[in-house]
Each structure stands twice: as structure tokens, then as C-alpha cells.
Amino acid sequence: MNPVIAVDADIGSLDPGNRVGTTEGNIIRSVCQTLVRFEPGKLSWSNDAAKEIRQVSDTEFEFELNAGQMFTGDFGEMTAEDVKYSFDRFINGDNGKKLAYADDMEALKSVEITGKYTGKLILKHRSAALWLIGICDASGAILSKKACEQLGDKIATTLIGSGPLLLKDWRPKEQFLLAANPDYKGPFKARVGEITGKIIPERRTSFLAYQAKELDFTAFDADQLDTAKALPDTDVIDIAGVDYTWIGINVQKGALADVKVRQAIRWAIDVDAIIEGAYAGATSRAKTLLAPGLLGNWADAPLYNRDLEKAQALLAETGLTGLTFSFTCLNDATSLAVAQIAQANLAEVGITLNINPMDSGAYWALGADNASKDLELTLIPYTSKFDPSFQTQWFLGSQVGLWNWQHWNSPEFDNLHQQGVETLEKAQREAIYIEMQKLLDESASCIWITHGRNFFVDASWLTPMLLPNGKDWQFEYFDRA
């Protein structure tokens, strides 16, 4: 049997450096080789494309590729030139334009070719995160230089890899089909012949499809947990979240440029009511960027419990009345419930919210070409990685116009981010990331909602494989139980 699964977002871009979300990341990691690959369900890794990697110093690594690793589509054998080409895009940009995920490889200074299969990775500085969020992840995907030069912009819709799976078919807004790559020469051969990914943005719809036996694996909403547990021939997966969902406030947009307006909004929105009403009380409330259990979690971060008097007093100090803002969110039941609660909350202090729900494709397209400049309030769900620098990078000044939809720019925050990237000592890094979260808190640009809780059902004959954040799926390791 070959599994049919649900994904909640369509493919946006298959370019590893300009991918949009987890759907593409999960596909890229399974179709492309990386020098080293995450082991099943773990953050440890083993060699994949690399036969050997040797650390020469804190800032220099030598690698040797396995011979005979072939790209699909008759694009030939992988060589060190392909590694250099793939990583140089992150260093230099694409036609001078910074890649969206460039900061995953920020520490990488250059790649030197020393032979057909050998080369060196030269770092600018020591890096605690390069391997975890760069080399091992989708940003570390090794592309065919020949294919990229031939395809040009079409690399956003055509993925040429040499990994365990290949993207056999993709019907936008409907489904994609992954198939075992018969020419893969690495140690992580696919365990099922094909995986069909049905694009179903609404979890209630995908959960009904699972119950109708049209799917073998899907995420579902917290309020369906009892129903899921009662289903026959079904395994329920429950993973505590380390992601971050928040209401972002554009600090450069109209009245929202006044910090007192942003503070008033933060005091007026009832996050506890959102947790109960939108998440069925089945997830914990967040109060800062980094989730408990991650390096740099700010355990003593303030909790802004709803206080209408404080909100009204702050608005009175501004002298502003009759405020109206847009609230942009994904068009799904949970997001709409959050929006409606926030709308009712703010109405009580005289602020009108107009809800702007968007399908996933249009919503995530806001992460390019400064399309986010006119956003006001936005409900934003981001997936976490396992190093705090991945989370903090999206709030940098350099991400304004890309993924920093708050349009908040703090040179102090940016400098601390760089210090955190270059520091290896755990206690020092922790202090840096706590200080960064304090700056975010002072900006009142973010109202933290939840770090999430991930629920999945799978047919008992199937063993899906997920990394510990619950959102990064390892298709190459999906197996029959």
C-alpha cells in the first residue's frame, strides 16, 4: 500500500532558498540530497551526499562526495561544483537578490572546490546553527548547476534532485505525487513506492476525509481529539509544539506607528479567550517568541492578561478615536475564530477590525516584494526550527519586505542576533536571546498566542516519520508498520 496524506498548503516555491513553508521544505528534503541528512525522527544526522566531512578548524570543513550520485532528468552526476553552486546562491543571492532563507547559511563565507568530488566550506565565524538549520535542512539541498542554469526561474516549479524520492507529478491546488527514486545511490532509500499529498487547507475537511478512508495521514484540530481516539485502526500522534503563532502589528502603518496604540491593542485582546475559543483549550498560551524547552526561552516574560482600563487609558493618551484596522489571516476555522475574538475584544475599546481572510497561496505570497507593506494586524503562524537563531532571523531589519511583516527595525536586535549566531557557549547564547525577546516585548509589535500542539491521525498500517517540532515530515522514512 502507498499512503495518501493531507497537507494544508500548496507548493509555493520549490527553490530551496525561496521556499514558502513546510510543504516545500518537506518535499525538498526528500527529493534533494544534502551533505548530511537528519536521522529518522531525530536531530542527529548521518552522511548522505557526503562520503566524509572533516573539521579542520572552527571555521573550516573539508568534504568529499560519494561518486556516482545522479541528478534526475539526465542532468548528470553530482560534483563539488554543484555543492558550490547551491551554497553560493545563499552567499551571493540570486542575480543580486537576497534569498528569503539566506540567513540559514549566514555563517558560510565561501565554498572552495579542491577536486571533482572534494571541497572546503569556509565560515566567516564560528556557528552553532549552520548544520542544524542550514546544511541538514532544505536550505542545504544540493541542486544541479546545469539544471538551474537551464531552467532559470522555473526552478520554483521544477525540482531536480538526486535524493530518495522524486517529484513525479504536481497538480496545483489539488495534489502532488512523490515516487521512490530508482537511481538514488545514498544510504536512505525510500521505504514506500509512492506518496500522494492531497492539498486540503482546512483540517476539518481533511479529518472527515480520513474518517471516510480517503486519507491515511492527516493533522487535525484539538477539538476533534476524542473523536480521533475512538476511530478504529488508527494511531493518534500528539506532539507538544515549539512553533509560534502571534498577531503581528505593522509599526510603520498609520496610527499603529504609535507604540501606545500597539500597547492598548495588546492589553485589549484576550489571549486566554482565544486559547479556549479557537483552540478548544487544548494548547498552552505563549508569552514570548521562544517556546519552553528551546535554548533562550524567556521564562519570566510578562503575561499580558486582558485589562480594558489600561487599554482605554493608553488610547486616551494618544487622543485618537474611531480607529479602524484590517486583520489579515488564513481562511481556516481556527484562524477565523482568532480573528473574530480579537474583533469583539477591540470593539469594546472603540477599535474596529475588518477581517481579511486569505487562501494560503495569496497569504504566503505576502512574503515577497514588500507585499506586506499595507498589512495592519496579521495572524501569523510560523514553524520553529531547533536553534533560536532560526526564529529570531525573521524579525531582522533585513527581513522587512520579506517575512518581517511587523516592519519593525531594531539595529540593537540585529546586532544581538549576530552575536547569538557566533557564540557557542550555551549560557551566553541564552542571555543574548532573552535580551532580544525583551526588545521585541518593548516594541509591542507582537501579541503571542500559542506555541501550538500538533495532532495527527494515521492508519495503523502506516508509520509516518516527523522531526520533533511536528511540522517537518520526513517522507523518505514513511514506512509500512
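This is a predicted model: local features need pLDDT of at least 70, side-chain atom pairs count only at pLDDT 80 or more; totals for chains, interfaces and linings use all residues.

Student: Is Gln 474 buried or exposed?

Tutor: Buried means under 20% relative accessible area, exposed over 50%, and partly exposed in between (1.4 Å probe, protein chains only). Because its relative accessibility is 2%, Gln 474 counts as buried.

Student: Which backbone oxygen does the side chain of Gln 474 reach?

Tutor: Contact means heavy atoms within 4.5 Å. Not counting residues up to four places away in sequence, Gln 474 touches Phe 38, Glu 39, Pro 40, Gly 41, Met 465, Leu 466 and Leu 467. At 3.1 Å, its side chain reaches the backbone oxygen of Glu 39.

Student: How many disulfides does a search of the whole structure find?

Tutor: A disulfide is a pair of cysteine sulfur atoms within 2.5 Å. For Cys 32, the closest cysteine sulfur is in Cys 148, 8.9 Å away, so the two are too far apart for a bond. Cys 329 is in no disulfide either, with the nearest cysteine sulfur, that of Cys 446, 17 Å away. The number of disulfides found in the whole structure is zero.

Student: Which residue in S7 stands opposite Glu 112?

Tutor: Strand S6 (residues 108-113) and strand S7 (residues 118-123) run antiparallel and are joined by five bridges; two strands pair if DSSP finds at least two bridges between them. They form a hairpin with four residues between them. Leu 108 stands opposite Leu 123, while the residue opposite Glu 112 is Lys 120.

Student: At what angle to S6 does helix H2 run?

Tutor: S6 belongs to an open four-stranded sheet with antiparallel pairing, in the order S4-S5-S7-S6. Its edge strands, each pairing on one side only, are strand S4 (50-57) and S6. Axes are lines fitted to C-alpha atoms, for helices over the stretch in contact, and angles run from 0 to 180 degrees between N-to-C directions. Helix H2 (residues 80-92) lies across strand S5 (60-65), S6 and S7, and its angle to S6 is about 160°.

How values were computed
Residues are numbered from 1 along each chain as its sequence is written. Side-chain values use heavy atoms; hydrogens and water are left out. A polar contact is a pair of N or O atoms within 3.5 Å; within protein, one must be able to donate a hydrogen and the other to accept it, and residues adjacent in sequence count only if both atoms are side-chain atoms. Helices (H or I, at least four residues) and strands (E, at least two) are DSSP runs, numbered from the N terminus.
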